[in-house]
There are 2 protein chains.
Amino acid sequence: IPLSRTPRCTCIKISELSVNLRSLEKLEVIPASHFCPRVEIIATMKKNGEKTCLNPESKTIKNLVKAISKERSKRSP
Amino acid sequence: IPLSRTPRCTCIKISELSVNLRSLEKLEVIPASHFCPRVEIIATMKKNGEKTCLNPESKTIKNLVKAISKERSKRSP
């Protein structure tokens, strides 16, 4: 379980695995605060609701954000 | 309350107000799916935990994402 219950950082382990947009239920972005000095990105998977912390500086997350934005243009015309 | 409980789109009303990064607790990004044909972006406020749906195509959201990404470089060296 990569989530802690303390009012500190939520992520205690950050995955470097890539995440497929199709298998993603949602992405949570938590800005840095005085509880946690770093941005945290938590991906929730469709399959089992499993949560994975992602590295905000990874290509995975940049590609995901790009892919999500591009979905807009795929809406029915 | 801008959230519905049905397994459709989460947002029933989208705010065009701008959201300040400082007042933001987290940002949820829900990719388009067969439940909801559009990307949904839900901002949770620090003050009262209030949730607001944002327009993914607005400048607000683009600026927020940019500001959150930039926070990385502000971490202690």
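1. Between chain A and chain B, four residue pairs make polar contacts across the interface, both residues of each pair being at pLDDT 80 or more. A polar contact here is a pair of N or O atoms within 3.5 Å; within protein, one must be able to donate a hydrogen and the other to accept it, and residues adjacent in sequence count only if both atoms are side-chain atoms. On the chain A side, the elements giving two or more residues are β1 (24-30) and α1 (59-71). The largest share, seven residues, belongs to β1(A). Sorted by class, that side has 12 nonpolar, no polar and nine charged residues (Ala, Val, Leu, Ile, Met, Phe, Trp, Tyr, Cys and Pro are nonpolar, Asp, Glu, Lys and Arg charged, the others, Gly among them, polar).

2. Housekeeping: this is a predicted model, where local features need pLDDT of at least 70, side-chain atom pairs count only at pLDDT 80 or more, and totals for chains, interfaces and linings use all residues. Residues are numbered from 1 along each chain as its sequence is written, chains are lettered from A and ligands numbered from 1 in written order, and side-chain values use heavy atoms, leaving out hydrogens and water.

3. How many salt bridges cross the interface of chain A and chain B? The rule (side-chain nitrogen of Lys or Arg within 4 Å of a carboxyl oxygen of Asp or Glu) finds two. One salt bridge joins the side chains of B:Lys26 and A:Glu28, at 2.6 Å from N to O.

4. As for extent, 21 residues of chain A contact 21 of chain B (heavy atoms within 4.5 Å). The two chains bury about 1,900 Å² between them, with 58% of it on carbon and sulfur atoms; that is accessible area (1.4 Å probe) lost on putting the parts together, summed over both.

5. Now the sheet: six strands, open, antiparallel, ordered β3(A)-β2(A)-β1(A)-β1(B)-β2(B)-β3(B). Strands are DSSP E runs of at least two residues, helices H or I runs of at least four, numbered from the N terminus; pairing needs at least two DSSP bridges. Each β3 (51-54), in chain A and in chain B, stands at an edge with a single partner strand, so one side of each has no neighbour in the sheet.

6. Where the chains join, β1(A) and β1(B) (residues 24-30) run antiparallel over three bridges, and A:Val29 has B:Leu27 as its bridge partner. Further out in chain A, four bridges link β2 (residues 40-45) to β3(A), with A:Ile42 opposite A:Cys53.
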